[in-house]
Amino acid sequence: PRTGKRAAHSHMFSVSELQDYGVVLEAIPRVCAEQGIPADTTISENGPGQHEINLYHVADALAAADYAVLLKRAVRGVARVNGMDATFMAKPWGDRSGNGMHVHFSILDKDGKNIFAGKDAKGSPALRHAIGGLLKSMPDCTAIFAPNFNSYRRFAAGSHAPTSISWGYDNRSAAIRVPESDIANTRIEHRVPGADTTPYLMLAAMLAGAYDGIVNKIEPMKAFTGNVYEAGAKRLPTNWQDALEIFEKSKFTDKYFGKAYKKLYLACKRQEKEQMERQVSSLEYDAYLRDI
């Protein structure tokens, strides 16, 4: 904002980076407070001009989705007022870290007790089965977690985004992470969705996967340790076409989203995909215009 130049370098956890964007970052909490959005602190992240804002835990999943949408609108609005743009594209920079929407959740019983909490940090059978359901349904729901063409650029090895169907304890290279915490706050962190996902659909898919795993007592594979990128785990769908085809054929999405909604969603996404594919990009002109 001071130079008019686009950021080109990463300044992770940098105080000076926060100061450079201070006029926007100071206004966002004020707007959130006025709208009742439970936003936490902001940190400078790994991409140029990239910042992370956490939303406080709320008990209602629908309210959590509402707050995610309201936060995105608040951030874009504050940026625009100050002569800047904010984007929630999954991968605005091809060679830099993308934008994820990591979701932490647990499930409470009718007495308000966390069913994921066990006797130790490994958690309960319900935690294990929920993870099993999430892993089994992950390919079926990738078209929800990664809903457009740009989404799939984010799934790159070593990029802090998951690329495989995997889980682990406090393992940030896995798709499902069980964060280190006290036992009462044992929870799942789902790391697959990009910031471009629709929060309502994403949470519906996530909770359906956990529910399916708990009800059917689905056992996950052994927890991964170390670098999952090098572990040879089964990969997530790597392109939009594959993800849409898996979503279409899935019995899981038939059951939890319904065939009528699936037909509508697929029609919208395939129309969007066809429109994207008809466009000739500047990259193609650069590569071919003079030489072919």
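Which residues in α2 are buried? I started my notebook there, with a predicted model in which local features need pLDDT of at least 70, side-chain atom pairs count only at pLDDT 80 or more, and totals for chains, interfaces and linings use all residues. Residues are numbered from 1 along each chain as its sequence is written, and side-chain values use heavy atoms, with hydrogens and water left out.

**Entry: helix α2**

I found G22, V24, L25, A27, I28 and C32 buried in α2 (buried is under 20% relative accessible area, exposed over 50%, partly exposed in between, with a 1.4 Å probe and protein chains only). Helices here are DSSP runs of H or I with at least four residues, numbered from the N terminus. I checked the span of α2 (residues 22-35) too: its 14 residues reach 20 Å from first C-alpha to last, close to the 20 Å expected at 1.5 Å a residue (1.5 Å times one less than the number of residues). Just after α2, I noted a positive phi of about 75° at G36.

**Entry: rings**

I counted 9 aromatic pairs (Phe, Tyr or six-membered Trp ring centres within 6.5 Å; planes under 30 degrees apart are stacked, over 60 edge-to-face, the rest tilted). Y152 and F155 pair edge-to-face, at 5.9 Å centre to centre and 75° between planes. Y152 is buried at 8% relative accessible area, and F155 is buried at 9%.

I also looked up a cluster: ring pairs link F247, F257, Y261 and Y265. The charged end of K262 sits over the F247 ring, 5.6 Å from its centre (the cut-offs are NZ of Lys or CZ of Arg within 6 Å of the ring centre and within 35 degrees of the ring normal).

Definitions and conventions
Helix = DSSP H or I, 4+ residues; strand = E, 2+ residues; numbered from the N terminus.
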